[in-house]
Amino acid sequence: MATDAPPPEAGADPRPAQPSTEAFTAVQQSAEFGELRRAHRSFAFPLTIGFIVWYLLYVLLSNYAGGFMGTKVIGNINVAFVFGLAQFLTTFLIAWFYSRHAAAKLDPKAEAIKSRMEADAS
């Protein structure tokens, strides 16, 4: 594969400068990083707990409420099948919802922290 970029200079380090351990520790203890962590946790933990409860409800109903789960909804489609499909739908909705949340709330904060650390390391 050909490229128009010149070859790297001999002895030049192609990797960007890395922040020091102290810089990482300082950022980790900063209020801005704490805010980023809280924004992530306040979104991810409730959704994770909700999904686990929803999944366990499906499993428990499948094991102990066979009559209810076997109830026909339309034709040969029963409640268990509808709940099973709803598990997939819920998974995709959570992933889509998290992607939107991360793009709107988490990524800008993380990018600001990253840019500042890279600028300080140069």
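Modeller: The buried residues of helix H2 are Gly34, Leu36, Ala39, Phe43 and Ala44, where buried means under 20% relative accessible area, exposed over 50%, and partly exposed in between, with a 1.4 Å probe and protein chains only. This is a predicted model, in which local features need pLDDT of at least 70, side-chain atom pairs count only at pLDDT 80 or more, and totals for chains, interfaces and linings use all residues. Residues are numbered from 1 along each chain as its sequence is written, and side-chain values use heavy atoms, with hydrogens and water left out.

Helices (H or I, at least four residues) and strands (E, at least two) are DSSP runs, numbered from the N terminus. H2 has 34 residues and reaches 48 Å from its first C-alpha to its last, close to the 50 Å expected at 1.5 Å a residue; the expected span is 1.5 Å times one less than the number of residues. Helix H4 (79-121) is included in what covers the buried residues of H2. H4 has a kink of about 45°, centred on Ala102, the bend at a residue being the angle between axes fitted to the seven residues ending there and the seven starting there.

Start with Phe43, which lies in H2 (residues 31-64) and counts as buried at 12% relative accessibility. Leaving aside neighbours within four places in sequence, Phe43 is in contact with Phe97, Tyr98 and His101, contact meaning heavy atoms within 4.5 Å. The C-alpha atoms of Phe43 and Tyr98 are separated by 8.0 Å, although these residues are 55 apart along the chain.

The whole structure has four aromatic pairs; rings of Phe, Tyr and Trp (its six-membered ring) pair if their centres lie within 6.5 Å, and planes under 30 degrees apart count as stacked, over 60 as edge-to-face and the rest as tilted. The rings of Phe43 and Phe97 have centres 5.2 Å apart and planes at 50°, so this pair is tilted. Phe43 is in H2 and Phe97 in H4, so the pair ties together parts 54 residues apart in sequence. Phe97 is partly exposed, at 44%. Trp54 and Phe83 also form a tilted pair, with ring centres 5.5 Å apart and planes at 55°. That pair links Trp54 in H2 to Phe83 in H4, 29 residues away. Ring pairs also join Phe43, Phe97 and Tyr98 into a cluster.

The largest nonpolar core has seven residues: Val27, Leu36, Ala39, Ala102, Leu106, Ile113 and Met117. A nonpolar core is a set of buried Ala, Val, Leu, Ile, Met, Phe, Trp, Tyr and Cys residues joined through side-chain atoms within 4.5 Å. H2 and H4 each supply at least two residues of this core, and the largest share, four residues, comes from H4. Leu106 touches Leu36, Ala39 and His40, among others, not counting residues up to four places away in sequence.

The structure has three salt bridges, each a side-chain nitrogen of Lys or Arg within 4 Å of a carboxyl oxygen of Asp or Glu. One of them joins Arg116 and Glu32, at 1.9 Å from N to O. Arg116 is in H4 and Glu32 in H2, so this pair ties together parts 84 residues apart in sequence. Glu35 forms another with Lys109, the closest N and O atoms being 3.1 Å apart. Glu35 is in H2 and Lys109 in H4, so this pair ties together parts 74 residues apart in sequence.
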